[in-house]
Amino acid sequence: MMAVSERSEAVDYYNRDAAGFAARYDSVSFEAVHPLLARYLPVGGAALDIGAGSGRDARALAAHGLDVTAVEPSVGLRSIGVASASGIRWIDDRLPDLARITDFGRFDLILCSAVLMLVPPTDLTKSFMTMAALLAPSGRIAINVRQPMSGEPADIFFAHSDDEILTAVATAGLVCLDRAEAGDALGREPYRWRSFIFERRR
């Protein structure tokens with residue numbers, strides 16, 4: 001399990017420049033960041049946005065007609081998100097446990113965008129098991145993830161290979177429906193984002 005100090009360091013990393021992170025996140029559209037997800041968005045239902053940041057994706061999901069719960073442990077980013085739109089439920093929580101989400105039912109879509117690289121390898125399988133337990137019977141999980149870059153804190157950012165992700169997914173009783181790789185919507189040349197769509201094994 002991630003130590004409390006490591007959890008705090010990851011959150012502090014984003015709190016220190018919440019306004020700057022929010023400005024960068026909000027400068028690109030949901031569609032540009034998640035081209036794979038468009039064909040898998042449910043019509044109505046409930047969505048969970050894990051690591052919602054300043055709310056760009058949560059707002060887009062709400063505009064699509066979903067009832068959105070946004071999870072964000074950074075108080076700086078969360079406060080910006082709360083102020084940016086009404087009708088979205090904001091929760092201070094994080095993987096691998098999401099202990100405060102269990103009272104909100106099951107979700108037709110779980111979006112976990114740019115979060116898994118903040119989850120240490122020891123918590124990867126538990127994170128997928130937590131998300132799988134929160135899925136509605138026909139629900140799907142969408143993730144995107146990248147490798148850490150040079151200069152990023154090694155005690156905050158972690159590498160996960162596709163094989164490691166797919167092994168964790170299988171352990172959680174999920175299967176991969178679709179996957180893709182794309183460049184960075186913000187134009188950061190070294191970044192390559194891997195996107196996956198998962199659902200329960202039938």
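**View 1. The largest cavity has a volume of about 70 Å³.** The model is predicted, so local features need pLDDT of at least 70 and side-chain atom pairs count only at pLDDT 80 or more, while totals for chains, interfaces and linings use all residues. Residue numbers start from 1 along each chain as its sequence is written, and side-chain values use heavy atoms, with hydrogens and water left out. A cavity here is a set of points, on a 1 Å grid over the protein atoms alone, where a 1.4 Å probe fits but cannot get out; points are joined across faces, edges and corners, and the volume is the space filled by probe spheres set on them. Searching the whole structure turns up one cavity of 30 Å³ or more.

**View 2. Who lines the largest cavity?** Lining residues have an atom within 4 Å of a point, and here they are Val33, His34, Leu36, Leu37, Leu111, Ala142, Ile143, Asn144, Ser195, Phe196 and Ile197. Strands E5 (135-145) and E7 (192-200) are the elements that give two or more residues to this lining. Strands (E, at least two residues) and helices (H or I, at least four) are DSSP runs numbered from the N terminus. By class, the lining has eight nonpolar, three polar and no charged residues; Ala, Val, Leu, Ile, Met, Phe, Trp, Tyr, Cys and Pro count as nonpolar, Asp, Glu, Lys and Arg as charged, and the others, Gly among them, as polar.

**View 3. Strand E7 pairs with E5 and with E6.** Pairing takes at least two DSSP bridges between two strands. E5 and E7 run antiparallel, joined by six bridges, and Ile143 sits opposite Phe196 in E7. E6 (residues 174-183) is also antiparallel to E7, with nine bridges; Glu181 faces Arg194 of E7 there.

**View 4. Helix H7 (residues 162-171) has buried Ile165, Ala168 and Val169.** Those three cover an arc of only 100 degrees around the axis (from directions to the C-beta atoms), which puts them on the same side of H7. Asp163 and Thr167, both exposed (over 50% relative accessible area), sit on the face turned away.

**View 5. Zero disulfides, counting cysteine sulfur pairs within 2.5 Å.** Cys112's sulfur is 14 Å from the closest cysteine sulfur, in Cys176, too far for a bond.

Methods:
1 Å grid on protein atoms, 1.4 Å probe; cavity = no way out; pocket = protein on both sides within 12 Å on 5 of 7 lines; lining within 4 Å. Buried < 20%, exposed > 50% of the residue type's maximum accessible area, 1.4 Å probe, protein only.
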